[in-house]
Amino acid sequence: MKIKRFLLVLFVTMLSFSSLLLYSCDGLSAALYDLSDIFGIESDEDDSDTDISSPDQTTNTKPSVPVSSLDAEKIGFEIHFINVGQGDAIVIRLLRENINIIVDAGSGTGSGNATIAASLVDYISALGITTFQYAFATHVDSDHINFFDDIYKNFTIGQIFLNDIPDTHKSNTATVETLRQSAVDGGSIITDLEANKDFAYDLSSDDGTYTFEFFAPGYNMGTDDNDMSPMILFGYAGRRVLLTGDATIKTEKWFLRFFGEEDFDVDVLKVGHHGSNTSTSQEFLDVVRPEYGIISVKEGTYNNLPSWQVLERLESNNVTVYRTDLSGTIVLYVTSDGDMAFATEK
Ligand SMILES: [Zn+2]
């Protein structure tokens, strides 16, 4: 039986930026763009199965090196897995093009949240960021979205991608409405990932340097909010990083349909759902084959996360794991030669 799906694939080609709409923000020039306008994206909304091409198979399999041995001038790509306790806040910098992206901004509820939110804002400010050209809210759980209010108060977001929320998923209505209102007040282009449609956006180019693709199942993937988390795949200099939000095994199965039996050798996997055993199946690992795994999770034994089963699974698959509860904020640097290094707060 055909499973309806919702798929959005974006390849960002940084050499095409001459046609971007430029505007001035906080004294800095920044790019604000609607992908469909700029790149002439054609969408396929006819519910037919979509022919999705596989990602570029060119890979770099060298292990990571110490940060000190990287050629700093060649660093073109960074991902900051910022320690927010129980939650996700991930900042991606495409340095050659001065593009900043934020994927989720949240932490579990607690009395220390204001302090965590303030430190998140301080961290991003210290990077010199004033604008995010893109933001992604992977799903509606508060530990992924409740700090967007603080982000909007301190930074500009050009375009934000949200999952549309049906009535059956409105357990977190107040936080979702706060996010939407912040996005409206902040002047963002808001792109809703509606369900019950198939989308295939293809922006690939022969001369692209950075790529990102995202695969969004839509909210009708299941009854669990986590099921709607998109997979976001970044590529640079032969390296690949896969972000998963809180995607479940059900979402992983859906995602793997686009790749069949082939592997595409991800270098770094943001381990799904804070290391919960509801994610990161062996079937998924068999295809994505990460060398490194990042687990964003609260210090201590919150909800028994990360689960020992997932840790064992990662170990048996030779995945080197970095955890925010143990190492604090974790930063991945990639150079234009494809060399990569991790730095940790502690
Ligand atoms: Zn979560």
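**Close-up 1. Strands S6 and S7 in the predicted model.** Strand S6 (residues 131–136) pairs with S7 in the parallel sense, over five bridges. The structure shown here and in the other views is a predicted model. Within this pairing, Phe132 stands opposite Ile157 in S7. Strand S7 spans residues 156–163 and is mostly covered, with seven of its eight residues buried.

**Close-up 2. Strands S7 and S8.** S7 is also joined to strand S8 (residues 189–193), and these two strands run parallel, with five bridges between them. Leu162 has Asp192 in S8 opposite to it. Strands of a sheet pair through backbone hydrogen bonds, in either a parallel or an antiparallel way.

**Close-up 3. The open sheet of eight strands.** The strand order in this sheet is S8-S7-S6-S5-S4-S3-S15-S16, and the pairing is mixed. S8 and strand S16 (340–344) stand at the edges with a single partner strand each, so one side of each has no neighbour in the sheet. On average, neighbouring strands of this sheet are turned by 15° against each other, direction ignored.

**Close-up 4. Strands S15 and S16.** Strand S15 (residues 330–335) runs antiparallel to S16, and five bridges join the two. One of the paired positions is Leu332, whose bridge partner in S16 is Phe342. S16 is an edge strand of the sheet described in the previous view.

**Close-up 5. The open sheet of six strands.** Another open sheet has the order S9-S10-S11-S12-S13-S14, again with mixed pairing. S9 and strand S14 (320–323) are its edge strands, and each of them pairs on one side only. From one strand to the next, the twist averages 15°.

**Close-up 6. Strands S9 and S10.** These strands run antiparallel and are joined by six bridges. Phe215 has Met231 as its bridge partner in S10. In a regular strand the side chains alternate between the two faces of the sheet.

**Close-up 7. Helix H6 and the elements it packs against.** Helix H6 covers residues 249–256, and its buried residues are Thr251, Glu252, Trp254 and Phe255. Seen down the helix axis, these buried residues fall within an arc of 160°, so they line one face of H6. The buried residues of H6 pack against strand S9 (210–215), strand S10 (231–236) and helix H7 (282–288). Both of these strands belong to the sheet with the order S9-S10-S11-S12-S13-S14.

Note on methods:
Residues numbered from 1 in each chain as written. Predicted model: local features only at pLDDT ≥ 70, side-chain atom pairs only at ≥ 80, totals over all residues. Buried ≥ 20, exposed ≤ 12 C-beta atoms within 10 Å, placed from the backbone. Helix = DSSP H or I, 4+ residues; strand = E, 2+ residues; numbered from the N terminus. Arc of directions from axis to C-beta. Contact = placed C-beta atoms within 7 Å. Pairing = 2+ DSSP bridges. Axes fitted to C-alpha atoms, helices over the stretch in contact; angles between N-to-C directions.
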